[in-house]
Amino acid sequence: MNLKGIVFLVVLLFSSVIFSCYEENCPQVLPYFEIIELGSSALNKQNQQPISTSNPTSWSNISYRISFEFKGVAGHFHSPNGTLLALDCASPGYLGSRIGIEELAIFSNSSYSSLIQTGGLANRIFGVEVLGELLSIQEFNLIFREGFNFDKFNLVLVSPPDAVGELQTFTVQLKMMDRTEFETTTEEIRIL
């Protein structure tokens, strides 16, 4: 047997031992997740502390964290090239969602500006911070139609209110490509 054959045999034997240990020590997890519910919290962008009516915050420092409560969905994962998987155990839903996002829409529950009245669509005053990038809501709605692999994103105000010090809330609606819809209402906060 030549040297290449011996090296190949050793690598094959060693990788199968590691892979068998990996499978024995890791629990069986479901690779895809399915959103069950949306949650939201208002945070100060500078210090990541929660915002409430008792600590008014400048509009430019407000971030609404929208998080998914999800469960795993069954599926199969095969390494496309036959190589070893990472040795860390996979978490439930590690491949993300197979169902994409059709539309994110935000509605104002109070009068934010002369352009956005109570009950009006407020998409133009928000940006979406996801995976380290700031996107417009239109970009967000186009990019994640095929699926996504994140469990939260941040909505950031990109436009000031007409009147400072007013209490504001927003309703966030998320429609999935399978027509499932989710909704959450942000906490009431005083925006400066």
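# Notebook: strands and salt bridges

I am working from a predicted model, in which local features need pLDDT of at least 70 and side-chain atom pairs count only at pLDDT 80 or more, while totals for chains, interfaces and linings use all residues. I number residues from 1 along each chain as its sequence is written, and the side-chain values use heavy atoms, with hydrogens and water left out.

**Strands 4 and 6.** I looked up how strand 4 (residues 126–130) meets strand 6, and found an antiparallel arrangement joined by four bridges. Two strands count as paired if DSSP finds at least two bridges between them. I then checked the cover on strand 6 (residues 152–157): five of its six residues are buried. Buried means under 20% relative accessible area, exposed means over 50%, and partly exposed lies in between (1.4 Å probe, protein chains only).

**The chain as a whole.** I counted two helices and 10 strands in the protein chain. These are DSSP runs numbered from the N terminus, with helices being H or I of at least four residues and strands E of at least two. From the N terminus on, I read the order as α-β-β-β-β-β-α-β-β-β-β-β. The protein chain has 192 residues, and 35% of them count as buried. I also looked at contacts, meaning heavy atoms within 4.5 Å. Among those between residues at least 6 apart in sequence, 70% join residues at least 24 apart.

**Salt bridges.** How many salt bridges does a search of the whole structure find? I got two, taking a salt bridge as a side-chain nitrogen of Lys or Arg within 4 Å of a carboxyl oxygen of Asp or Glu.

In one, the side chains of Arg-179 and Glu-102 meet at 2.7 Å, N to O. This pair links distant parts of the chain, 77 residues apart: Arg-179 sits in the loop between strand 8 (170–176) and strand 9 (181–185), and Glu-102 in strand 3 (residues 101–108). Are the two partners buried or exposed? Arg-179 is exposed, at a relative accessible area of 55%, whereas Glu-102 is buried, at 16%.

In the other, I found the side chains of Lys-152 and Asp-151 at 3.6 Å, N to O. Lys-152 counts as partly exposed because its relative accessibility is 39%. Asp-151 also counts as partly exposed, at 33% relative accessibility.
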